[in-house]
Amino acid sequence: MLHSDEMLMIFTLLAAALAAALFAPAVGTIPFFRWERIGRKIGDRAEEHCEVPAIASPGHTDKEEAVIRELRERLQGAEPCPEGLLAQLAWSRALDVDAAADLWRRHLATARELKIQDVSDDLVRRVYDAGFCVRSGVDVDGRPMIWVRLALSVPSTMTASQVVKNTWMAQDATLCSGIDANRRGICFVYDLKDVGLRNVSFDPLALHAAIKGALSHPCHISRVWLLDAPRIFLLTWQAFKHFVPSSIRQLVCFAETGPGRRKISQVCSASELPVYLGGPPCFSQAYCDWMFEQLHGRPQAYRVSKLQLPVPSRRMRGRSGACYVGLRKVLRCSCLA
């Protein structure tokens, strides 16, 4: 099984390749040797792998327990890793204690540098309202899937910090289901149907921040599917894939949903598909609502717990509204004290 930092890194490489093919000057400030170096760095980590237990276990193996225990001891201090994230952190580096501990420190540093905590949960909800993430089940090998309709995502409407936090939360929500999810890793599925230039970022600074976020989050990605990729996308991938290590190329798979093509059944069974592709009603819940439910009560180092009070209604505006806002401030100050 392959171990990669994160799907965002892979898609950033694809997006950068597409950008270079169409608008080379837009990404001229990012030399190709840097993309090659980044790909090699990810590939080296992907080649570090552990054998996943053949039978899913509700508990930890002896090896996992030993790694989690050592990580707990090493990361004691002002910003320890939350208990519920230790297994996820361990598998994000294939049970390598040294690498996992280093990743956690880098994760905290990146969260501060990108000011991820300044991105409110309300803003995350607003972004997800676009519907680019949809609920789905597991792939043919039992990996939990994150299914993205890329044509509904417009990077230009989001800051780099928003993109990073959105992705981190989706990954954490997917992997918090249990140890088996962390062993198997996430399967990202990107539906590229009707994707256009507006769905790709050409901002070098934003791409740099996205890469930094991708390289610093504890997450195990083991498969990436790209559905119905446009011809120019496929041609660009063929041209630029040589900059990516073979371990990463094996991670990425292409499929088309049309007749006579590589069928979507190779991704997952019909009962695991999202609703818009004929999946069952159990996946009709808005992805954002599901994500926040999964993360409820599970601390993340990049999120700040804040008092959430309702927004005053129209009838409470004016003098009464002013009193209500004042009450909100008093309550917030009391909580902070």
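A residue is called buried at under 20% relative accessible area, exposed at over 50%, and partly exposed in between (1.4 Å probe, protein chains only). The model on screen is predicted: local features need pLDDT of at least 70, side-chain atom pairs count only at pLDDT 80 or more, and totals for chains, interfaces and linings use all residues. Residues are numbered from 1 along each chain as its sequence is written, and side-chain values use heavy atoms, with hydrogens and water left out.

**Stop 1**

Select V164, which sits in helix α7; helices (H or I, at least four residues) and strands (E, at least two) are DSSP runs numbered from the N terminus. V164 is buried, at 1% relative accessibility. Contact here means heavy atoms within 4.5 Å. Leaving out residues up to four places away in sequence, V164 touches L114, I116, A209, A210 and G213.

The buried residues of α9 include A209, A210, G213 and A214.

**Stop 2: K165**

Move to K165, also in helix α7. K165 is buried, with a relative accessible area of 2%. Beyond four places in sequence, K165 touches I116, V119, S120, D121, V124, Y302 and R303.

**Stop 3: the sheet**

Show all of α7 (160-175), which lies across β2 (145-149), β3 (186-191) and β4. The helix runs at about 130° to β3; axes are lines fitted to C-alpha atoms, for helices over the stretch in contact, and angles run from 0 to 180 degrees between N-to-C directions.

The open sheet has 5 strands in the order β1-β2-β3-β4-β5, with mixed pairing; two strands pair if DSSP finds at least two bridges between them. β1 (133-134) and β5 (252-255) are at the edges with a single partner strand each, so one side of each lacks a neighbour in the sheet. Strand β4 (221-227) runs parallel to β5, joined by 4 bridges. Select L226 to find it opposite F254 in β5.

**Stop 4: the cores**

L226 is among the residues with the most contacts inside the largest nonpolar core, which has 45 residues. Such a core is a set of buried Ala, Val, Leu, Ile, Met, Phe, Trp, Tyr and Cys residues joined through side-chain atoms within 4.5 Å. A second, separate core of 19 residues includes V67, L85, L86 and V97.
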